[in-house]
Amino acid sequence: MIITDTHTHLYSDAFDEDRSEMIARAISQNVSRFFIPAIDSSYTKAMLKLEADFPEHTFLMMGLHPTSVKENYKEELQHVEEMLAKRSFYAVGEIGIDLYWDTSTLEIQKEAFKHQISLAKQYDLPIVIHCRAAFDEIFEVLDEVMDDKLFGIFHCFTGTLEQAHKAISYNMKLGIGGVATFKNGKIDKFLEQIDLKHIVLETDSPYLAPKPYRGKRNESSYIIKVVEKLAEIYNVSEEKIAEITTENSKDIFGI
């Protein structure tokens, strides 16, 4: 059984004390493929070191996180362009719109999002979307840029059934993580109505730890709790959940 964590910040300083042990714990539980989203240029060095230390298991993305879209966003986008031109990555992400923390940057967030989607198309890469309090705004952008080169993952999907179907209509998989195990997570109430072919697994570690670890530091081995929950929801074996979601991740990332 191979389990794929399609979204984990393993370079986070939350893991500085026990990164190797934490990754070994995950691998020992068959979680052996880690896809690593970018945030901004200040994390690039740590991401590259992570890849050098764990080359068989880590797969890097490149992008500018919407909460890092500030006054210097054009310089940050230049860094994304330079990195994509310099070497290969497996996705452009995480990118998108976040109106939870700051609504004043909406216009430049949209500009950065569109620009990075165009870069993904240029390099034939998937996008990994961060959406927080911004479904309408995200869908508005996707409506503008929709074509047969647009595909990717709606990371940490927490919307409604209607929004799930709409996200899928843009050639997106739904990234399902710890929220599916929350008592008030809501998505567990309708997930069985979404075909498993549209689902990938993620932790977003060190954030959003599943039950029974909610409120603690998340780590990739905890994705087992998400596998267990989906096996319950879909009434299939944990092995089947792992198999299908890993195949889906290969369809997206090409590896």
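Glu107 counts as exposed, at 54% relative accessibility; exposed means over 50% relative accessible area, buried under 20%, and partly exposed in between, with a 1.4 Å probe and protein chains only. The structure is a predicted model, in which local features need pLDDT of at least 70 and side-chain atom pairs count only at pLDDT 80 or more, while totals for chains, interfaces and linings use all residues. Residues are numbered from 1 along each chain as its sequence is written, and side-chain values use heavy atoms, with hydrogens and water left out.

Glu107 belongs to helix H4; helices (H or I, at least four residues) and strands (E, at least two) are DSSP runs, numbered from the N terminus. The C-alpha atom of Glu107 is separated by 9.7 Å from that of Ile97, ten residues apart along the chain. Helix H4 covers residues 106-122 and also holds His115. His115 has a relative accessibility of 28% and therefore counts as partly exposed. When neighbours within four places in sequence are left aside, His115 is in contact with Leu77 and Glu81, contact meaning heavy atoms within 4.5 Å. Asp40 is 75 residues from His115 along the chain, and the C-alpha atoms of the two are separated by 15 Å.

In one of them, the side chains of Lys110 and Glu140 meet at 3.4 Å, N to O. Lys110 counts as buried because its relative accessibility is 12%, whereas Glu140, at 40%, counts as partly exposed.

Arg25 takes part in a salt bridge with Asp18 at 3.6 Å, N to O. Arg25 is partly exposed, with a relative accessible area of 33%, while Asp18 counts as buried at 18% relative accessibility. Arg25 also forms a salt bridge with Glu219, where the closest N and O atoms are 2.9 Å apart. Arg25 lies in helix H1 (residues 19-28) and Glu219 in the loop between strand E8 (199-201) and H7, so the pair ties together parts that are 194 residues apart in sequence. Glu219 counts as buried, at 3% relative accessibility. Through shared partners, salt bridges join Asp18, Arg25, Arg217 and Glu219 into one network.

A polar atom of the Lys173 side chain lies 2.8 Å from the backbone oxygen of Lys197. Apart from neighbours within four places in sequence, the residues in contact with Lys173 include Phe154, Lys197, His198, Asn248 and Ile252.

The strands can now be considered. An open sheet of three strands has the order E1-E2-E3, with parallel pairing; two strands pair if DSSP finds at least two bridges between them. Strand E1 (3-5) and strand E3 (58-60) stand at the edges with a single partner strand each, so one side of each is left without a neighbour in the sheet. Neighbouring strands of this sheet are turned by 20° against each other on average, direction ignored. Strand E2 (residues 31-36) runs parallel to E3 and is joined to it by three bridges, and Phe34 stands opposite Thr58 in E3.

Two helices accompany this sheet. Helix H2 (residues 44-53) lies across E2 and E3 and runs at about 145° to E3; axes are lines fitted to C-alpha atoms, for helices over the stretch in contact, and angles run from 0 to 180 degrees between N-to-C directions. Helix H7 (residues 223-234) packs on the sheet and touches E1 and E2, its direction making about 115° with that of E1.

Strand E4 (residues 92-98) pairs with another strand. Seven of the seven residues of E4 are buried, so this strand is largely enclosed by the rest of the structure. E4 and strand E5 (residues 127-132) pair in the parallel sense over six bridges, and Val128 in E5 is the bridge partner of Gly93.

Technical notes. A polar contact is a pair of N or O atoms within 3.5 Å; within protein, one must be able to donate a hydrogen and the other to accept it, and residues adjacent in sequence count only if both atoms are side-chain atoms. A salt bridge is a side-chain nitrogen of Lys or Arg within 4 Å of a carboxyl oxygen of Asp or Glu.
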